Amino acid sequence: DASGLAVLDPITGAVDTSWKAKIERIDSSGNRPVVRALVVAPDGIYAAGNFNRVTGGTWGRITVTRAVKLNLTNGNPIQSWKPSPNGLVVDMDVTPANDRIYLAGYFSALAGDTNKGYFAAVDTGTGQPIPGQLPFQPSVGSTAKYQQTVLVEGDNVYVGGSEHDIQKYRMSDNALVRSHITKQGGDAQAMIKLENEIYVGCHCFNAVYSDTNDFKDLSGFSRLDPMRAAGAFSASDFSYRASWVPGNLKGSKDEGPWDFDTTPDKCLYMAGDFVRGAYSGDAARDWLGGFAKFCPDDSTPPTAPSNVSVNLDTTTATITFTPGSDQSGSVQNWVYKDDRVI
């Protein structure tokens, strides 16, 4: 009862046997069942991928179409949610209001609507496409239109995939706001927001063309900058930050990152095809075993010492002061005499 989907104890890794949702694919294709996209929301667990049967909670086996919504407590299917994608869903993200969920993948239609291909939003209650939304705009001249990553932030939605688009859409009507293309490069594969930037991962190891959605001719771009495996884009205007380029990243096949995560100390983790992160000459030091970590520089100076007081007698000068402090930890305060630290 844990085939394809399971709940694990976060400390021990043991399977939680009170929750079950067995995933299967029953047809003549021989393809294996797989969950590629997973979202935990207040009203349930959304799973999508390549499967057509689910045995969840206290229910028997039911037929589904590549996507299912499950009860948080026991895994019972919530059958009112039926987006019915006609192809593989790779990624999903839900709005903060939990009223719609965005899907990205290889599907060319949702619930039979061919205007909702590759990237679109559906209702979290019914799974039906949100009305009044403009269709996804694949890059001009692209032959493959699938999308691999989607991120909801504020009133905007970010999506990326082939060929080789990184896009920002307005949530209210799904209008395309801004687009960038990586070439020669590869598909966008992962996104995350950290502070005021959207980080995008891809198997791109060359350049990014800003302000164009033309993959074939790359016309009308505003600038050309280097981009290697990942890039940072402003969350306010979605401009590319050319000063952040992890130029030493290398993979065995240069597939780049497939997932991101962050920590409370504002560090960014990447997981994917990484075997080297530097070229120091020390192979053990330069090695990356599938993971890369980036942390912000400490650019905030400590506060200055204050309340300085000097008490003099015939042989001694006694200095008292309130030490400076630093938000990142302890700080040393040095006392100088005649340009020398004493």
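The model is predicted: local features need pLDDT of at least 70, side-chain atom pairs count only at pLDDT 80 or more, and totals for chains, interfaces and linings use all residues. Residues are numbered from 1 along each chain as its sequence is written, and side-chain values use heavy atoms, with hydrogens and water left out.

Strands here are DSSP runs (E, at least two residues), numbered from the N terminus. Two strands pair if DSSP finds at least two bridges between them.

Strand 3 (residues 44-50) meets strand 6 over 4 antiparallel bridges. Within this pairing, Tyr 46 has Lys 69 of strand 6 as its bridge partner. The side chain of Lys 69 also forms a salt bridge with Asp 43 (2.7 Å, N to O). A salt bridge is a side-chain nitrogen of Lys or Arg within 4 Å of a carboxyl oxygen of Asp or Glu. Asp 43 sits in the loop between strand 2 and strand 3, and Lys 69 in strand 6, so the pair ties together parts 26 residues apart in sequence. Lys 69 is buried at 5% relative accessible area; Asp 43 is partly exposed at 28%. Buried means under 20%, exposed over 50%, and partly exposed in between (1.4 Å probe, protein chains only).

The whole structure has 10 salt bridges. One of them joins Asp 1 and Lys 20 at 3.6 Å, N to O. Asp 1 is exposed at 58% relative accessibility. Lys 20 is partly exposed at 24%.

Arg 53, in strand 4 (residues 53-56), is buried yet has no salt bridge. The nearest side chain of opposite charge is Glu 24, 6.6 Å away. Lys and Arg count as positive, Asp and Glu as negative; His and the chain ends are not counted.

Strand 7 (residues 89-94) has 6 of its 6 residues buried, so the rest of the structure largely encloses it. It runs antiparallel to strand 8 (residues 100-105), joined by 5 bridges. Met 92 has Leu 103 as its bridge partner in strand 8. Between the two strands lie 5 residues, and Asn 98 takes a positive phi near 60 degrees in this hairpin.
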